[in-house]
Every structure is written in C-alpha cells, then in structure tokens.
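Trainee: Could you take me through how strands, sheets and cavities are read in a structure such as this one?

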Amino acid sequence: MKIAVFLPNWIGDAVMATPALRVIREEFSEAEIVSIQRPYVADVLDGLTLVDRSISWKSGEKLISQFRFLRQLRKERFDLAVLFPNSFRSASLAFLAGIHRRVGINRDHRSWLLTDVLTAGDRQKPHPAIDEYLRIAAVVSGRDLSESEAAPGFSRTMELAITDKDRSRWTAFWNKQTAEFKSRPLICLNPGGAFGAAKHWPTAHFASLAQRITTELKRSVLVVCGPAEKQEALQIVAQADNPFVTSLAAEPLHLGLTKAAIQQAELLVTTDSGPRHFAAPFQVPAVTLFGPTHQMWSETFYDRSLPVQLDLDCGPCQQRVCPLGHHRCMKDLGADQVFQAVVSLLNREQQKAA
C-alpha cells in the first residue's frame, strides 16, 4: 500500500500533526508513506520514522510546473490520500492525481472531491487543530467516529528529532560563544510570527525581557530566528546591549538549527508561531505570548507551558493585522508581566524537580 499524506502548510501545524502521523504509521506499518508539503515544512519531520520520504511542492508556480507536479503524483500511483490541510487545492490535487481514496474534512466547498468526508467543526467555536488531525487519522485507520466526537482519544504527544547535521550546526554555533556565556543556563526567545504582524511582540519588549533575564536570573539568552525574523533578532540583541544576549542571525539559518537550539534550552519564551511547538516534543518549558489568536485553536495540552494573554474587549480577533490599528493585545503586554511568567514557570519546574 502507498499513502500520500498532505501535510499542513504551517510549521507549527506540521508538528501538531505528528500524533496523527504516528497513528497512521502504526496502523499501516507495512505501507510506504510519503509526505507532500510546502518546501519550508519539509525539515520538520527530519530524523523521524513517521514517513518514508517526502515530496515538496510550491504554490504560485507557472502552469507548466504545476502540470509536471501533478504528473509526478499520478506516476506515484498512491492508494490513499490523507488531507490534513482544509484547502480546495490539496483535495483537487489528490483527485486529479487519481488517488482512489481521499480522506479529509469538509471545508472550502470540497466535499465532492473526497471519498471519506469528515464533518467540519463550527469555525466560530475554537477547537484544537491537533484533535482535528487525530480525527482524520481515526477515519483513515477504520474507526467510525460520531459527528459529535471532538477527539478520538489517541495520544496527543508530539514528536520531533534532531539529526546529526542539526547537532553539527548547533555545535558550530555553540563553539563560537564565550566561556562565560556557555557557563549559564540558556533561555531561548522566539519572536517569529508568520501568521501576520498582529502576532508580533514589540522588539523593545523582547530586548527589555532579555536584559532582565540576564541580570536578575543570571541566564544566557539566545534569540532564535528564521530568515523573516533575522533583522528583528539583530535589533533585539542590539537593544539589549548585553554580552549574555545573542542570536542565530549570523548563522546559516536552518529549521534544524532552531530545533537544536530549543532542545538545549532551559526554557523558551515564544510568540504563538511555529517554533513554539518545538518545546513540547523536547520537554522544554515554554511561556507563550498570545495576542490576536484564541489559545484553543493551537492547544496541545502540554503541561509544562504557561500562556500569557491580555483580557481585552476586542480580542482575540483572529486577524493577521489589527483591525483597530492599535495592536494593544501585544503592545500592552509588558516585559514585566512576561518576566514574572518566566519566573513563575522556572519556580514551578524547580519545585517539581525537588
């Protein structure tokens, strides 16, 4: 049997899909499982055994390139397509590729393209994406779900791995740091937010937080970043102006390096963006800053995390850019409040370890 798994289009969602991938892998242990994803998502599953190989595809390419990709899918002769994205495009690709069985959620007017159609939840009522992926996996594995069943009861444990190349990337970075920097516990800051500007916490707030962590908690601070956050990471380091604050911005940026950095951290402070979900698989405590997004959409039920969010009349609005123009949900969330959350979570972890 040959299975095509269309991965979610966001890095964090791809991590949240790993429990569902584990269900499929165990149910079809003899099958060849091929992930199909956007190029920037491909590295998420590196080092895991959940899929046998991967195929990347880009949107917005010339028509001839899209036909070539479709022809490639048809040549694979997949028996089953598992559609984690809710898009019309993913369903149409599976349909046009001639994949006999196509399993997905009924959204984006695509039910006629699917053979196994799951009822969509109410978009006005937040529900965890991790459970939606598990519902799909349950149907794929032959379980008959009731329409009211929100989660099929499988493990929600997410998985990630560090490859030898990732370790080499981390070692190359770590060896450049001073002995004093390396002598302290490490706290990572993740300022990313591919969802949109509304998820961004102000650079000045990150810099102020970094200063307090280094001076009051005697920790070293590493700002992780992807290409889109490189300049912001540099600005945080410059504004913090502290020898115990640095970033990955000068390194050859790679998702594997970010994974390796977070794995080494004592704690992660993060916006509600992709690398936030690297903490749970590596059992790293995390303080997550929520602004315009409802916490339940990305709830992972990780017990070593602490969410921080202001209670405002205008939110959470789920908008990529603040519709009112003030962005209070993030701007008014001060560095002091986040610092107190860091202290609280560190204390909680120390008490558990005692």
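Trainee: Which residue of S2 stands opposite Ile 3?

Mentor: Strands are DSSP runs of E with at least two residues, and helices are runs of H or I with at least four, both numbered from the N terminus; two strands pair if DSSP finds at least two bridges between them. In this predicted model, Ile 3 stands opposite Ile 33 in S2, and five bridges join S1 to strand S2 (residues 32-37), the two running parallel.

Trainee: What should I keep in mind about the numbering and the model's limits?

Mentor: Residues are numbered from 1 along each chain as its sequence is written, and side-chain values use heavy atoms, with hydrogens and water left out. Because the model is predicted, local features need pLDDT of at least 70 and side-chain atom pairs count only at pLDDT 80 or more, while totals for chains, interfaces and linings use all residues.

Trainee: With which residue of S4 does Phe 6 form a bridge?

Mentor: The bridge partner of Phe 6 in S4 is Leu 83, and S1 pairs with strand S4 (residues 80-83) in the parallel sense over four bridges.

Trainee: Is strand S1 enclosed or open, and why?

Mentor: Buried means under 20% relative accessible area, exposed over 50%, and partly exposed in between, with a 1.4 Å probe and protein chains only. Five of the five residues of strand S1 (residues 2-6) are buried, so S1 is largely enclosed by the rest of the structure; Lys 2, Ala 4 and Phe 6 point one way from the strand, whereas Ile 3 and Val 5 point the other way.

Trainee: Which residues line the largest cavity?

Mentor: On a 1 Å grid over the protein atoms alone, a cavity is a set of points where a 1.4 Å probe fits but cannot get out, and lining residues have an atom within 4 Å of a point. The largest cavity, with a volume of about 30 Å³, is lined by Phe 6, Leu 7, Asn 9, Ile 36, Trp 57, Pro 85, Ser 87 and Ser 90.

Trainee: In what order do the strands of the open six-stranded sheet lie?

Mentor: The order is S9-S8-S7-S10-S11-S12, with parallel pairing, and the edge strands, S9 (245-247) and S12 (305-308), each pair on one side only. Within this sheet, strand S7 (residues 186-190) and strand S8 (residues 220-223) are joined over four bridges in the parallel sense, and Leu 186 stands opposite Ser 220 in S8.

How values were computed. On a 1 Å grid over the protein atoms alone, a cavity is a set of points where a 1.4 Å probe fits but cannot get out, and a pocket is an open set with protein on both sides within 12 Å along at least five of seven lines; lining residues have an atom within 4 Å of a point. Grid points are joined across faces, edges and corners, and a volume is the space filled by probe spheres set on the points.
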